[in-house]
Amino acid sequence: MNSSASPTPNPLRDGLGLRSAPQSCTLVIFGATGDLTHRKLVPALYNILADGEAPPALTVVGFARREKTNEIFREELGEALKNFSRQTVKDEVWDHFSRSIYYHRSEFSEPEGYSRLKDLLDEIDREHGTNGNRLFYLAVAPDQFGVILDGLRAHGLNEAKPGSWARAIIEKPFGIDLPSAKELNTVVSSAFQEQDTYRIDHYLGKETAQNIMVLRFANAIFEPLWNHRYIDHIQISAGETLGVEARGGYYDGAGAMRDMVQNHLLQLLCLTCMEPPTDLKANSVRDEKVKVIRSLHPITGDDVATHTVRGQYAAGAIFGKEVPAYRDEQRVDPHSMTETYVALKLGIDNWRWAGVPIYLRVGKRLPKSGTEIAVHFKSAPAVLFNTNAPDLDQNVLVIRIQPDEGISLRMQAKIPGAAVRIEPVKMDFHYGTSFGKASPEAYERLLLDAMSGDATLFARRDEVEEAWSFVDEIRAGWDDPTFSTPLEFYAAGSWGPDAADRLIGADGRAWRRM
Ligand code: BG6
């Protein structure tokens, strides 16, 4: 018998005991007629149910302004579900679930609407056994938060009854800069305490993003190497072939820095670079993440020109099909200076990461969609096999967040044969083949966590504010004519502006081919 075999079961395989079970509740969606409900929220709930992960009672109330009956609302959601569900929709599961979905018509500012909501929720509790637990989902523009939260507060809906809970989930964008984020935080905290506030960053719900921590802290081999002694640099890339689509109205006022960098990419950076937390509780993990953002070397003054690139797509072709320039998209200012591409060179001022550049790039209308974190290790010493080829490829650990979720490690190997010829090879782990099942959608994980009261995968107030403060400084630099950081144009379907290649090239490095 193998003496090293452990007789105790692996708790990670059975599910971490730390995550409590989701509890019966009603999800109240404000802005329920919008895209998010149809494309993401209801499909996520359906899949949770179909997978048997749902709490014993789960009901939905869609709160919105348009006139609609329960039946029409259910029908529309059912239609959308067919297109957006991760798994094939089973009629019996949907029929059963759809009977737990209600439509509640009201203006957000109408006091009467909230007292009717209160009655409806009480009635649902009696009929479905949802136990007074309420999850209020604000899927609306941030300027509506105040009025909705006031409405909830005025009717005591933000207060949980004894033995129950009331929580708020807030969709992005969480502000447009630090002052607006602070203001929103103040508005939200007037109705819900921080522990009951769940700020969505759907990247944190992605299976592979969650796996970053497991990779780093459940394996013995990576952590000793995970520092400036062994890591040369890190590249975090997020490319999309899509353009701005129908979202020009929102996007033109936001841009890639606010839309993707401030939230999603900085969160990935935090998970990659944080110190091991004391435990896996929400605040322990978030304490470590916020320290990373606080340690980011500020990009100000002349650094803005040397450490940042902003670009905008011009006309071009994606998969051989011609696509218009950003400025010609619907609801975009024809003279827009909004960036659809950002490249940054970041540094983290702490012991672990001193001197390790972290390059980050994100863009719309790139040739390929995909998000990855590539950890480039330092080259082997120029002796033995490397004597004549000191530039042999570095070992690179790539965490593919999407698509084809997985992890690969590039290393050198000898080509079979008499001569000693070396070539890089890849050790590859694919989620799909290793576990034989598709990963749940980010919203499934996040909704379940909110129903369980686990805020680990949601952004805390200080994380959001620190991230804005970092990003605001760069944006201020872009707006300051003293520092020359022109908006660079790139053809749709190319890998971004040449200036981004120069940014990384100045350090003798190149972007990884995705
Ligand atoms: C959203 C942004 O938060 O994330 C979009 O607003 C972007 O502009 C999207 O397209 C990307 O998410 P995903 O999950 O498709 O990578």
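The C-alpha trace spans about 80 × 70 × 45 Å along its principal axes. The radius of gyration is 24 Å, which agrees with the value near 24 Å for a compact globule of 514 residues (taken over C-alpha atoms; the globule rule is 2.2 Å times the number of residues to the power 0.38). The protein contains 16 helices and 17 strands, assigned as DSSP runs (helices H or I, at least four residues; strands E, at least two) and numbered from the N terminus. Among contacts (heavy atoms within 4.5 Å) with a separation of 6 or more, 77% join residues 24 or more positions apart.

Thr-371 lies in strand S13, which comprises residues 370–377. Thr-371 counts as buried because its relative accessibility is 2%. Leaving aside residues up to four places away in sequence, Thr-371 touches Tyr-203, Ser-237, Ala-238, Leu-268, Ile-399, Arg-400, Ile-401, Gln-402 and Met-514.

Residues are numbered from 1 along each chain as its sequence is written, and side-chain values use heavy atoms, with hydrogens and water left out. As the model is predicted, local features need pLDDT of at least 70 and side-chain atom pairs count only at pLDDT 80 or more, whereas totals for chains, interfaces and linings use all residues.

Definitions and conventions. Buried < 20%, exposed > 50% of the residue type's maximum accessible area, 1.4 Å probe, protein only.
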